[in-house]
Amino acid sequence: MKKYLLEILLGAGAAGLVLGLLAGLDLTPLLIGAAFAALIKLVVDGRAPLGRRFEAMGGVGGSAGSLPQITFADVGGQEAAKRELMEALAFLKSDSLSKKLGIRPLKGILLVGPPGTGKTLMAKAAANYTDSAFISASGSQFVEMYAGVGAQRIRRLFKQAEALAQQQKKGSCVVFVDEIDVLGAKRGSHQGHMEYDQTLNEFLVQLDGIDSEREIKTLVVAATNRADILDPALLRPGRFDRIVRVDLPDKAGRLRILEIHAQGRPLAPEVDLEKAAQETYGFSGAHLENVLNEAAINALRRSSEVITPADIREAIEKVMLGEKLDRTPTSAERRRIAYHEAGHAVIAEQNRPGAVSSITITSRGNALGYIRQSPTADQYLQTQDELVAAIQVCVAGAVSEELFLGQRSTGAVGDIRQATEIAKQMVYAGLSPLGIVGAELPTNLLHDAVTDIIRRQEQIVRGCLEEHGRKVQAVAEHLLQHDSISGDQFRGFLAQLAS
Ligand code: ATP
């Protein structure tokens, strides 16, 4: 009977309207009122154009559907994070043993790390690993200006997760909430915070309501790169019990990710993914996927059926520095850019043989020209010598302009900023003649220490470039003719000049 209540009411309403019309009543106010009520209901349900719409697969919030076949093997690197996550999932896999051991079932896992490192992939892999249904939503989908709407959407998400698991005949479901910081920031920190706080309260209620005795078990996996702003109530034991760090991949991780995304892309035999992994320090998984995609686009532009090392080199530079620009410097400017970059490159190679990956005088992003250096290994610490060497490379461009073209230019502004930052780092690490200093070092002392460090390195670089003037000139002239030169070509070139 309850099932047909809505139909009966609608039928009775329609009959009433027809009778009213026949009796000559003015029904306009009634119709306007009904339309208004329906609009409010739609907004509250999050389905109307005014309300923020969920990706409505399944209709009731969150994006759900057939589970993408992502497994932990598709997540490159992140070995520690994967291990920790799998351990945490053991309670869903071996429920009876967990019960026997008296393990409190896990309700939430928080994945913390920079964007594009594979947090969403890991959540999907977790659902596959535990044979669970998977539903995902983003924190921003719960943010509304209307009181109570966010809380209602939270309830709907959890309900839909259970319904989906039932529909897919699974014993458990994984609810993935990306950008949890949007709804889970410390309570009271938002302007007009009542609605935010209500939404978070409802989220906590739903987490607390997850019951291991229920027919369908629920696990919430949330992701953020701002764990520091989360409300402590979210992080207390019994809620997000496990915090798993998903960091930028190291070299081995980058290689694995490149290998994963190279599958199905035709690489020329001479492509060296290990070299690409070495040259992409600081790239996330998403950047690395983008490198291979851009490399394939480069191959397509050349109408080539295979991706060559040059396509990959070009793609790394595009992802690192931005798209090539159509800026056309005057010939005098090009000459200046070439001598500037040749100066950087000769000093970089002098300090660490094999350091230069490529030199270019084509504009890209904010740079008129650039040299790309590759680290020999991922580094987590830098010594005094390494910092000094980095300052030398920074100032070498300006010194080269001065030596070979008579004066410096504004092209060195970025280099000077970088050299200043490194020198400051040295001062605060106790690596300057001032020795160990406090954080409240007077500005004039800091300024003097920084300029002193940079001036000294400028002198050393001047001496070195005077000594290797022939190399700088030859490289600059080559750049003027060919626009760019790879690291290996550059070293071959230097070897020829030396012989
Ligand atoms: P965000 O914090 O911005 O939501 P995320 O950490 O959730 O990012 P994902 O959405 O999982 O990142 O990754 C985006 C894409 O980048 C993936 O679809 C995949 O192509 C690639 N990717 C990222 N990390 C990895 C990885 N560890 N292994 C393989 N591919 C990866």
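**View 1. Right-handed crossing of helices α15 and α17.** In this predicted model, α15 and α17 cross with right-handed geometry. Helix α15 covers residues 384-405, and helix α17 covers residues 443-467. Their axes lie 8 Å apart, at an angle of about 60°. The pair is therefore oblique.

**View 2. Residues at the contact of α15 with α17.** From α15, the contact draws on Val 388, Ile 391, Gln 392, Val 395, Ala 396, Val 399, Ser 400, Glu 402, Leu 403 and Phe 404. Helix α17 contributes Ile 453, Ile 454, Gln 457, Glu 458, Ile 460, Val 461, Arg 462, Leu 465 and Glu 466. Sorted by class, 12 of the contact residues are nonpolar, three are polar and four are charged.

**View 3. Glu 215 in the loop between α8 and β5.** Helix α8 spans 193-209 and strand β5 spans 217-224; Glu 215 sits in the loop between them. Glu 215 has 65% relative accessibility, so it counts as exposed. Beyond its neighbours within four places in sequence, Glu 215 contacts Gln 166 and Gly 171. The C-alpha atoms of Glu 215 and Ser 172 are separated by 8.3 Å, although these residues are 43 positions apart along the chain.

**View 4. The protein chain as the setting for the close-ups.** The chain holds 19 helices and nine strands. Of its 499 residues, 44% are buried. Among contacts with a separation of 6 or more, 75% join residues 24 or more positions apart. The chain exposes about 25800 Å², and carbon and sulfur atoms supply 56% of that area.

Note on methods:
Residues are numbered from 1 along each chain as its sequence is written. This is a predicted model: local features need pLDDT of at least 70, side-chain atom pairs count only at pLDDT 80 or more; totals for chains, interfaces and linings use all residues. Side-chain values use heavy atoms; hydrogens and water are left out. Axes are lines fitted to C-alpha atoms, for helices over the stretch in contact, and angles run from 0 to 180 degrees between N-to-C directions. Helices (H or I, at least four residues) and strands (E, at least two) are DSSP runs, numbered from the N terminus. Angles under 35 degrees count as roughly parallel, over 145 as roughly antiparallel, 65 to 115 as roughly perpendicular and the rest as oblique. A crossing is left-handed if the near helix is turned anticlockwise from the far one by less than a right angle, and right-handed if clockwise. Contact means heavy atoms within 4.5 Å. Ala, Val, Leu, Ile, Met, Phe, Trp, Tyr, Cys and Pro count as nonpolar, Asp, Glu, Lys and Arg as charged, and the others, Gly among them, as polar. Buried means under 20% relative accessible area, exposed over 50%, partly exposed in between (1.4 Å probe, protein chains only). Accessible areas come from the Shrake-Rupley method with a 1.4 Å probe; for residues, only the protein chains shown count as cover.
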